[in-house]
Amino acid sequence: PDSSHSDATVNLNVYDVESVNKEVKKGSATTISCVIIGIIETATVTWRTSTGPVPAEKFTPVQGSFSGGTQTSTLAVDGTLVNEDTAYTCRVTSGSLPDSNFSDTTVNLNVYGMFFKR
């Protein structure tokens with residue numbers, strides 16, 4: 001039997017996400033980030049906590065822009081929320097294929113206090 005032959009081109013987009021962990025004084029407003037490396041277009045980034053997406057009233061997420069194969073996304077955290085060590089998640093999905101699988105990377109915000117001798 002004859003079987004037809006066909007060629008298909010499949011683009012496999014592989015990228016890395018680097019977390020930029022931060023240490024900050026308790027009560028200080030700060031910004032954390034993740035860097036997406038090896039992309040060919042702007043990725044979609046959402047920031048999450050262990051309870052779900054970050055609420056807009058105390059956080060300022062910025063997608064970042066694509067440049068030279070990289071994109072840096074940031075999350076500004078209000079100082080009133082900087083009370084204890086917190087793990088945030090930088091969730092990356094394809095900018096052109098929103099239903100594609102996502103990649104989660106943990107970004108740690110480590111908080112230290114001030115101690116005074118009496």
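In the predicted model, strands β4 and β5 run antiparallel and are joined by two bridges; strands here are DSSP runs of E with at least two residues, numbered from the N terminus, and two strands are taken to pair if DSSP finds at least two bridges between them. Within this pairing, arginine 48 has proline 53 of β5 as its bridge partner. Both strands belong to an open sheet of five strands, ordered β2-β9-β8-β4-β5, in which the pairing is mixed. The edges of this sheet are formed by β2 (22-25) and β5 (52-53); each has a single partner strand, so one side of each is left without a neighbour in the sheet. The model is a prediction, in which local features require pLDDT of at least 70 and side-chain atom pairs count only at pLDDT 80 or more, whereas totals for chains, interfaces and linings use all residues. Residues are numbered from 1 along each chain as its sequence is written, and side-chain values use heavy atoms, with hydrogens and water left out.

A further open sheet comprises four strands in the order β1-β3-β7-β6, with antiparallel pairing. Its edge strands, β1 (16-20) and β6 (59-62), each pair on one side only. Neighbouring strands of this sheet are turned by 15° against each other on average, direction ignored; the axes are lines fitted to C-alpha atoms, and angles run from 0 to 180 degrees between N-to-C directions. Four bridges connect β6 and β7 in the antiparallel sense, and threonine 60 stands opposite alanine 76 in β7.

The largest nonpolar core contains 20 residues, and Trp47, Leu75, Tyr88 and Cys90 have the most contacts inside it. At least two residues of this core are supplied by each of β3 (30-37), β4 (44-49), β7 (70-77), β8 (86-93) and β9 (103-112). Such a core is a set of buried Ala, Val, Leu, Ile, Met, Phe, Trp, Tyr and Cys residues joined through side-chain atoms within 4.5 Å. Buried denotes under 20% relative accessible area, exposed over 50%, and partly exposed in between (1.4 Å probe, protein chains only). When residues up to four places away in sequence are not counted, leucine 75 touches Thr30, Thr31, Ile32, Trp47, Val54, Phe59, Thr60, Pro61 and Tyr88, contact meaning heavy atoms within 4.5 Å.

Asparagine 101, in the loop between β8 and β9, is exposed, with a relative accessible area of 70%. Glycine 113 lies in the segment after β9 and, at 32% relative accessibility, counts as partly exposed. Its C-alpha atom is separated by 5.9 Å from that of lysine 25, 88 residues apart along the chain.
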